[in-house]
Amino acid sequence: MLGDRSALDRAGITDPVLREAYRLCGRLLLAFDGRADWAGTLLLPPDKRPHIWAVYAVARWADQLLDSGDPQTRADRYEVWRQRMLTDLRRGQCADPLGQAFAHTAEVYAFDLDDVETMLDGWLVDLEVREYATWQELREYAEGICGSFGRMVLRVMEPTHARADQAMDELGVALQLANIVRDVAEDLRRGWIYLPAEDLRRFGVTHDELRAARPTPRLRGLIRFEVRRARELFARGVEVAELVHPRCEPFVWAVVEHYRVMLTQVERQGYDVFTRPTALGTRGLASFAFQVGARSWPRTVRAAAATRR
């Protein structure tokens, strides 16, 4: 993988077995999420990239275990893996490569293992709950998965202010809601309705209307409401970009702008979530890169200058 040797060297990871464990995490990130997300990690300082690979890899592997295989046995299989991971982390000895890399990162950045347990427990909810009555219930679900995950990522990015945790929680819920809006059609096919029942009633949208997969005026109004809610969450959560080590700011802005573009696509399609979003195209990608660079460049330059002193 591009730059993995340099990143591992800069992170001070010299043990051959541990280096290979981190490489596996990077390969899993590339396999599950594609080159775009892998490229996003290149915006981080090299010494932090392997640690982000480890956090992402464990989260994505947990998600993958619950999304694949025999529906009758996946819960038991996940529980065996979850219990082994938590036990190994608490005693500081992990047998599998994913656990080895993650345990090392958890030690380096002093993760709260309660966050790890909360994140791994969060995915189990999807096997038991397929609909949410209220926004508060959905928010608690999002906080369980994205909040704990976000706090671990935040530790790697070195928060500089106590407000960073709260901002990161808001950002995590924003990311989850943006994903829910984007994936309405796919989730319906799999049997999930994440849009809160109270919101459906507010706009007069029935389950049958959702399953018909047609963007009716009522459904467009509902999606518009959720997009605006997500944007409000982003407005509060984006503060975290200024509350981490300045050299990590480009990574935060890349994530935020990527999801904002996703919401913009939904808006441009008239809140039709049943039509595949259009690609950004060359001009769109150029605009995206400019937004990330313009927002983060001044602090990044100052941080680099301070490092050289």
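This is a predicted model: local features need pLDDT of at least 70, side-chain atom pairs count only at pLDDT 80 or more; totals for chains, interfaces and linings use all residues.

Trainee: Where is Glu226 placed?
Mentor: Glu226 sits in helix H12.

Trainee: And what does Glu226 touch, not counting residues up to four places away in sequence?
Mentor: Leaving those sequence neighbours out, Glu226 touches Leu177, Val181, Leu195, Pro196 and Asp199.

Trainee: Which residue forms a salt bridge with Glu226?
Mentor: Arg229 does, and the closest N and O atoms of the two are 3.2 Å apart. Both residues belong to helix H12 (residues 217-237), and because they are three residues apart there, about one helical turn separates them.

Trainee: Is Arg229 buried or exposed?
Mentor: Arg229 is buried, and Glu226 is too. While we're on salt bridges, there is also a network: Asp4, Glu20, Arg23 and Arg27 are joined into one by salt bridges that share partners.

Trainee: How many salt bridges does the structure hold?
Mentor: The structure holds 25 salt bridges. One to look at is the pair Glu117 and Arg90, whose side chains meet at 2.7 Å, N to O. Glu117 lies in helix H6 (residues 113-128) and Arg90 in helix H4 (residues 74-91), so this bridge ties together parts that are 27 residues apart in sequence.

Trainee: Why does Glu117 count as partly exposed?
Mentor: Because its relative accessibility is 26%, and partly exposed covers the range between under 20% for buried and over 50% for exposed.

Trainee: Changing topic to cysteines. How many disulfides does the structure hold?
Mentor: Zero disulfides. As for individual cysteines, Cys25 counts as buried at 0% relative accessibility, and Cys146 counts as buried at 14%.

Trainee: OK, zoom out for me. What does the secondary structure come to?
Mentor: It comes to 14 helices and zero strands. Read along the sequence, the pattern is α-α-α-α-α-α-α-α-α-α-α-α-α-α.

Trainee: What share of the residues is buried?
Mentor: Buried residues make up 49% of the 309 residues in the protein. On contacts, take those with a separation of 6 or more: residues 24 or more positions apart account for 72% of them.

Trainee: Let's look at a helix pair. How do H8 and H13 cross?
Mentor: The axes of helix H8 (residues 163-182) and helix H13 (residues 249-268) come within 10 Å and cross at roughly 35 degrees. The crossing of H8 and H13 is left-handed.

Trainee: Which residues make the contact?
Mentor: From H8 there are Leu171, Leu175, Ala178, Asn179, Val181 and Arg182, and H13 brings Val252, Val255, Val256, Tyr259, Met262, Leu263 and Val266. By class, the contact of H8 with H13 has eleven nonpolar residues, one polar and one charged.

Trainee: What about Tyr271?
Mentor: Tyr271 isn't a glycine either, and it has a positive phi of about 60 degrees. Its place is in the loop between H13 and helix H14 (281-308).

Trainee: Buried or exposed, that Tyr271?
Mentor: Tyr271 is buried, with a relative accessible area of 14%.

Note on methods: Residues are numbered from 1 along each chain as its sequence is written. Side-chain values use heavy atoms; hydrogens and water are left out. A disulfide is a pair of cysteine sulfur atoms within 2.5 Å. Buried means under 20% relative accessible area, exposed over 50%, partly exposed in between (1.4 Å probe, protein chains only). A salt bridge is a side-chain nitrogen of Lys or Arg within 4 Å of a carboxyl oxygen of Asp or Glu. Helices (H or I, at least four residues) and strands (E, at least two) are DSSP runs, numbered from the N terminus. Axes are lines fitted to C-alpha atoms, for helices over the stretch in contact, and angles run from 0 to 180 degrees between N-to-C directions. A crossing is left-handed if the near helix is turned anticlockwise from the far one by less than a right angle, and right-handed if clockwise. Contact means heavy atoms within 4.5 Å. Ala, Val, Leu, Ile, Met, Phe, Trp, Tyr, Cys and Pro count as nonpolar, Asp, Glu, Lys and Arg as charged, and the others, Gly among them, as polar.
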